[in-house]
Amino acid sequence: MLPRRFLTFSLLVPTLLVFATAALASTAGGGVERMMIVFFISLTAVAGMGLYSGNSGILSFGHLSFMGLAAYASAVLTLPLQMKKLTLPNLPAFLADAHFDFLPAMILAVLFAMAVALLTGLIISRLEGSAATIATLALLIIVHGVIIGARDITRGSQSFFGVPRETGIWVAATVCIIALVVTRLFRDSVPGLRLRASREDPIAAGASGIGIKRERLLAWVLSAGLVALAGVALGHFLGAFSPKKFYFVDTFALLAMLIVGGMTTMTGAVVGAVTITVVTEVLRRLEGGVQLLGIQLPEVFGLTQIGIGLIILLVMFKQREGLAGIDEWDERILPRLLKFNSNAGQINTSVLEPTRSAGTLKADSLTKRFSGLVAVDQVSVSLRPGEILGLIGPNGSGKTTLLNMISGVLPVSSGGVRLGEKIISGLPVHRFSGLGIARTFQNIRLFERLSVRQNVLAAALSNWPREPVSQAQARATAALDWMELTDKAQLKADTLSYGDQRRVEIARALALGPNYLFLDEPAAGMNREETDALMQILRRLRDELGLGILIVDHDLPLIVSLCDRVTVLNEGQLIAEGTPEEVQSDPAVITAYLGRKHREENVA
Amino acid sequence: MLDLILQQTINAVALGGTYALLALGLAIVFSIMGMINFAHGELMTISGYTLMYCGLAGVPFVISAPLAILAAAGAAVMMERVAFRPVRNASAATMLVTSFAVAAILQILFQNLIAKRSKPVMIPDVLSESIAFGDFLIGINKLLAIATTIAMLLFLNWFLKRTDVGIAMRAAAEDFPIAQLMGVQANAVIAGAFALSGMLAGVAAVLWVSQRASVDPLMGFVPVLKAFIAAILGGLGSLTGAVAGGFMLGFIEIYLTAFLPEHLLEFKEPIGLGIVVLMLLWRPNGLIPAAAIGSQKV
């Protein structure tokens, strides 16, 4: 997140740019002006589509249905009354006598589209990834069908004409600026950050307390509103349109802009809209067959569409994030230009102290079956605040599965997990962090394309809006400091070394202000020095913050020197528990690790 | 009334079977690569044009039909090699967009190189005849569609369960990295999946064209849109789900056409999709969800 004054700057520049372009276009007039109006309207729609697709990572084919709904809704309201009687004789009474000015009609139409979005969003937000995308496709077809079917209001598939041409260059520019500003603000808002974190890794997001149901719905409705704005402007620019205008051909063109530029940023929307507009303008001239260097080129129907298709392929092959990448223009320039340090200010590590008092965490005879295979078989463990419990065992003994159950990532087959008196197994995973349980993953799961600080901040904000942003920021800063990551806070998570990535995961877990911390092989991939430093940190976490730490690792020296108690699993069953010394000399443990023969030799 | 219901049920099975074959083709590729192939419809169109050209050249239908199926399978393998291999392992959105672009390019190529408008396809007369069963008539093309669908489903079941390639494909669908460690060749399995999926599109195209006797550049677009919806209705990536979703969609469409009051017929499409959406509300992961959902490695 950028500090407010930088955000103001980042918003002011595109605003001025759009107005300057609009001023130039309006002096040029004629074809140039019309082209720029279409450009601004397209950019409005693309920015709106990006608000949803870019942050959530779910591609949508359905946004043009909101554009269409809003265009028709506003046009019915602004159509002159005599015209209405002539072209729409069967209009329902409440519409037949209604006449609104452009601005109120625009507002009503946008609200109407957002209401439809709210209803459809409740359904679509229940679906994941590609299924959600296909559902948006169904939405496009449904709305298209409804618009054609409702011919008393829309004139069916015939042209709807006589709409006052209210959209000039200044209206288009204003609408465009609204879309750019809203998109940019949403991206850097708390819901935006949550969505982006979940886009990168939904499982880690869940475990970091990041629930996204409401955020997705919010993004869907907001983006529908912006696209609807574009629809109203387009309808009142064209003056006449039919349902075809809001179907596949235009969806293809707008999606091309979104994808070619890069759908995750406002910058990408601008770059994409410019690129596709320029290419379209050039190819359209060639389409009709022109004379080039004395050679008559043949007429090629659909040259623009082929050109756009090829550009999409090229971008997908060479630069999947789109031409503009995943950072906003100002995010590339400002940190270097102004050398700002978002960690500036006092670091107060006491903010990480758990605020809730926690009872003992008890897992009672937990069992996990994977279709026949019993991965964990009636294992009971308990963990108190202020102790470090080691969980060891050979590969495949069920350590990670046990940890996944206690942290709510996997449902239990039988048994239960209690925190104090409260039964917590069965709760959705994003509720666990609120109960004071945080974890890391064996296969590192970071929000890869976000910065280190954003990784940690996204988790710290999991209590927002119940807790102010400033408090979350203080916790994120303290967690970064604790894990010695302050210098690397602005780097992208996927550029870090293995050991650093593991420390970011721990910082992210700490930022939740947990009572309990589960670490799944935190030292894997670290050298001895890094491991020693990590052990030092973990001891301090126990002693200074009073955390209860459950640690799974294969590094026995680490386990022995760090842990207060050790639990040993083998083939899904608990075979020993006690102090490190007791466990080390337990015959069952030696057998499990080294095989029976070795033990017999040892005993002999 | 009973006659009407029976008659419409046969129509529904015939149409649903075609959707099922298309959805199955989509599901095979999706289960292995996580990719939704938007250009699946263009494979159908290629098949349709093959039938058209064969008809013009006087090739008999019994030969031109297998040729058309082969053409779609070949085109699918080529499509993967040229356009989809560079984005393999990319995000689902990236692969989807790539195939979307391929579809758009192919549609324009058909329009420029073959014809902008619909072209007639010669179909044997016998296909447009009907057989009388007691009181009602069943079109031979409908019977052919039903019989072919059943035969294809049986073949696929055998292929995936009994042949080495089929088993490798199922392993890859379950866990591709592990399957590769076990010696399954990624390129071979993916090429195989596309060949199979193209073949299914080809069969669906032959059935589709034999009932309409014409082909146009956008021929595959609408049926494949339906197949997408059938695939999520059934459960994305689930093969049995795809078949169930295909038949379900066929039934919804045919019954709505037959029994919807006249003034609502215009809304047939939105109502049908609306019903699908309601079913998805009831089962968000589809009628028969893919096994992989939920057992994702953490």
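Analyst: Start at A:Glu484, in the loop between H20 and helix H21 (498–510) of chain A. Helices (H or I, at least four residues) and strands (E, at least two) are DSSP runs, numbered from the N terminus. A:Glu484 is not a glycine, yet its phi is positive, about 60°.

The ground rules come next. This is a predicted model, where local features need pLDDT of at least 70 and side-chain atom pairs count only at pLDDT 80 or more, while totals for chains, interfaces and linings use all residues. Residues are numbered from 1 along each chain as its sequence is written, chains are lettered from A and ligands numbered from 1 in written order, and side-chain values use heavy atoms, without hydrogens or water.

Now step back along chain A. The loop between helix H19 (452–460) and helix H20 (469–482) holds A:Pro465. The peptide bond that runs from A:Trp464 to A:Pro465 is cis, and its omega is near 5°.

Buried means under 20% relative accessible area, exposed over 50%, and partly exposed in between (1.4 Å probe, protein chains only). The whole structure contains zero disulfides (pairs of cysteine sulfur atoms within 2.5 Å).

Another buried residue is A:Ile308, at 6% relative accessibility. A:Ile308 belongs to helix H15 (residues 303–318) of chain A. Beyond the neighbours within four places in sequence, A:Ile308 is in contact (heavy atoms within 4.5 Å) with A:Phe252, A:Ala256, A:Ile276 and A:Thr280. From A:Ile308 to A:Leu283 is 25 residues in sequence and 9.5 Å in space, C-alpha to C-alpha.

Turn to the strands. A:Glu571 lies in the loop between strand E11 (565–570) and strand E12 (573–578) of chain A. A:Glu571 has a positive phi of about 45°, although it is not a glycine. A:Glu571 counts as exposed, at 64% relative accessibility.

A positive phi also turns up in the hairpin of E3(A) and E4(A). That hairpin has two residues between its strands, and A:Ser371 takes a phi near 30°. E3(A) and E4(A) pair (at least two DSSP bridges between them) in the antiparallel sense, over seven bridges. A:Ala363 faces A:Val381 of E4(A) across the pairing.

That pair of residues leads to a cavity. On a 1 Å grid over the protein atoms alone, a cavity is a set of points where a 1.4 Å probe fits but cannot get out, and lining residues have an atom within 4 Å of a point. Points are joined across faces, edges and corners, and the volume is the space filled by probe spheres set on them. The structure has seven cavities of 30 Å³ or more. The second largest cavity holds about 60 Å³ of space. Its lining includes A:Ala363, A:Val381, A:Ile406, A:Phe518 and A:Leu550. Strand E3 (361–370) and strand E4 (373–383) of chain A each give two or more residues to that lining. By class, this lining has eight nonpolar, one polar and one charged residues.

The largest cavity holds about 80 Å³. Residues of chain B line the largest cavity, among them B:Lys226, B:Leu249, B:Glu253 and B:Leu273. Helix H10 (239–259) and helix H11 (268–282) of chain B each supply at least two of the lining residues. The lining of the largest cavity divides into four nonpolar, one polar and four charged residues. Elsewhere in chain B, B:Cys54 is buried, at a relative accessible area of 9%.

Chain A has 26 helices and 12 strands. The C-alpha trace of chain A spans about 100 × 50 × 50 Å along its principal axes. Of the 604 residues in chain A, 57% count as buried. Among contacts in chain A with a separation of 6 or more, 75% join residues 24 or more positions apart.

Note on methods
1 Å grid on protein atoms, 1.4 Å probe; cavity = no way out; pocket = protein on both sides within 12 Å on 5 of 7 lines; lining within 4 Å. Nonpolar A, V, L, I, M, F, W, Y, C, P; charged D, E, K, R; others polar.
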